[in-house]
Amino acid sequence: MLKNYFKTAWKVLLRRKFFTFISLFGISITLMVLMVVTALVNYMFGAHAPEKNMDRMLYVTRLQMTGDGTQMNSAPSYYFLNRFIKPLKSPEKISIYSNSNYTSINFTSGRKLEMKTRYTDSEFWRIMDFNFLEGGAYGDAAVEGAQLVAVINEATSLNNFGTVKGVGKMLELDNRSYKVVGVVENVSAIRPSTYSDVWIPYTTTKDDLGNANYTGSFCAVLLARDADDLDDIKKEFYSTAAKIPLMPGQEFTELKVFADTHLEGFVREITASVENEVNAGLLYAVVFGGMFFFMLIPTLNLVNINISRIMERASEIGVRKAFGASSNTLVLQFLFENIFLTILGGTIGILLAAGALHLINNSGFIPYAQLGLNLPVLFFSLLICLFFGVLSGVYPAFKMSKLHPASVLKGGSK
């Protein structure tokens, strides 16, 4: 039966090539856009190297202090994180590292290059799972001894040394010479906790890390032993945060600091929430709601085209009904034809999406972008195709099932 459905669907597509082209164009463009968005969201919030254990991570990136008519939002300082957050007992590991606001000047290649530089402790390399192309990370001794060593990304190695074999070479940063001990794969700029060109020990910074100012340019990641432990870590975190004294010398009356998953942190940024818990489901509702409305217009167009196709086949439907074909059989056949059309358009959409992602990755619009169509994205795309096919086929199929054989054989449409 499916073989006959397939043959009929193929012949219907070839019968009116212009309608078929319009349908496939709308479906493929719509699905291409949805797949590019899905790939972007998957890469932003999915567990990818170097944050493969993202489901076990909480990030401390934001500090808020308020007073009488005043408010300050900032990243925490190293002093604040080291004194109040580092002593937490429930996380398996805690790392303190700078955010991506630091830029160093490099003259190694004879040209002036600005490089994103991140200061880290040694625990950072035990929590994050970078893909090393050569060498390895610096350890406790290098950090404690403020050694001038660096881990660089692939692009930095190529720009400075013309090869990814940069280990052992010297890299000039802000008039200091750092010995390269490791080269890692590039990390995209849309992974804000790990993106950088260069990583060096935080003890080599010229900033005064002992300054008691709470605000700065550092953040922390708390790694749980198990994803189920995140709630316990949050309880200890917020219990500790409630006891942190206000920053000396300032007139603020309230201090808030937050521990969020990567997704929760993103939602907190766009909603400016100051509650301990944020509703991450809101982001999913917005994304899926946006996708649904984006699909709505092409779906309505496809419904109209499908109704036109049905009206053209009214006599065929009347004959089949007259010879005993049930409404359910005809509805099933029409849905099959529509899903077949949608999957065909979806296949074209996947090819277009692959091309669009390739262009984005090579455009430099997102530094070191590595967007791709992995299995989760393809699986979600298949679900979109099926949903799109069923949604646009249900009403025309229902309308077809109500056609009266005698009326359509006489040329009617009811």
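Predicted model: local features only at pLDDT ≥ 70, side-chain atom pairs only at ≥ 80, totals over all residues.
View 1. Asn-175 sits in the loop between strand 9 (170–173) and strand 10, and its phi is near 65°, a positive value in a residue other than glycine.

**View 2. Tyr-368, a partly exposed residue with a positive phi.** The phi of Tyr-368 is near 60°, again positive in a residue other than glycine. The residue is found in the loop between helix 11 and helix 12 (375–401), where Tyr-368 has a relative accessible area of 24% and is therefore classed as partly exposed.

View 3. Glu-51 forms a salt bridge with Arg-191, in which the closest N and O atoms are 3.3 Å apart. This pair links distant parts of the chain, since Glu-51 belongs to the loop between helix 2 (17–45) and strand 1 (57–60), whereas Arg-191 belongs to the loop between strand 10 (176–184) and strand 11 (198–201), 140 residues apart. Both partners are buried: Arg-191 counts as such because its relative accessibility is 0%, and Glu-51 because its value is 1%.

View 4. The side chains of Glu-92 and Arg-56 meet in a salt bridge, with an N to O distance of 3.0 Å. Because Glu-92 lies in the loop between helix 3 (78–85) and strand 4 (93–98), while Arg-56 lies in the loop between helix 2 and strand 1, the pair ties together parts that are 36 residues apart in sequence. The two partners fall into separate accessibility classes, for Glu-92 is partly exposed, with a relative accessible area of 34%, whereas Arg-56 is buried, with a relative accessible area of 18%, a value under the 20% cut-off for burial.

View 5. Glu-264 and Lys-234 meet through their side chains in a salt bridge, at 2.9 Å from N to O. Glu-264 lies in helix 8 (residues 262–271) and Lys-234 in helix 7, so the pair ties together parts that are 30 residues apart in sequence. Both Glu-264 and Lys-234 are buried. Elsewhere, salt bridges that share partners join Arg-56, Glu-92 and Lys-93 into one network. A search of the whole structure finds 10 salt bridges.

**View 6. A nonpolar surface patch supplied by helix 2 and helix 11.** The patch is formed by Phe-18, Phe-21, Ile-22, Phe-25, Ile-29, Ile-348 and Leu-352, which together have about 640 Å² of accessible area. Helix 2 and helix 11 (327–363) each supply at least two residues of this patch, and helix 2 gives the most, with five residues. Leu-352 is found in helix 11 and counts as partly exposed because its relative accessibility is 34%.

**View 7. Leu-302, a buried residue of helix 9.** Leu-302 lies in helix 9 (residues 281–312) and, because its relative accessibility is 3%, counts as buried. Leu-302 and Leu-391 are 89 residues apart in sequence, while their C-alpha atoms are 9.7 Å apart in space.

**View 8. The whole chain, as context for the close-up views.** The protein has 13 helices and 14 strands. Its radius of gyration is 29 Å, well over the 22 Å that the globule rule gives for 414 residues, so the protein is more spread out than a compact globule. The C-alpha trace spans about 90 × 55 × 35 Å along its principal axes, and 46% of the 414 residues count as buried.

Terms used: Residues numbered from 1 in each chain as written. Heavy atoms only, no water. Helix = DSSP H or I, 4+ residues; strand = E, 2+ residues; numbered from the N terminus. Rg over C-alpha atoms; globule rule 2.2 N^0.38 Å. Buried < 20%, exposed > 50% of the residue type's maximum accessible area, 1.4 Å probe, protein only. Salt bridge = Lys/Arg side-chain N within 4 Å of Asp/Glu carboxyl O. Patch = residues over 30% accessible without salt bridge, like charges linked within 9 Å, V, L, I, M, F, W, Y side chains within 5 Å. Areas by Shrake-Rupley, 256 points an atom, 1.4 Å probe, with all protein chains shown as cover.
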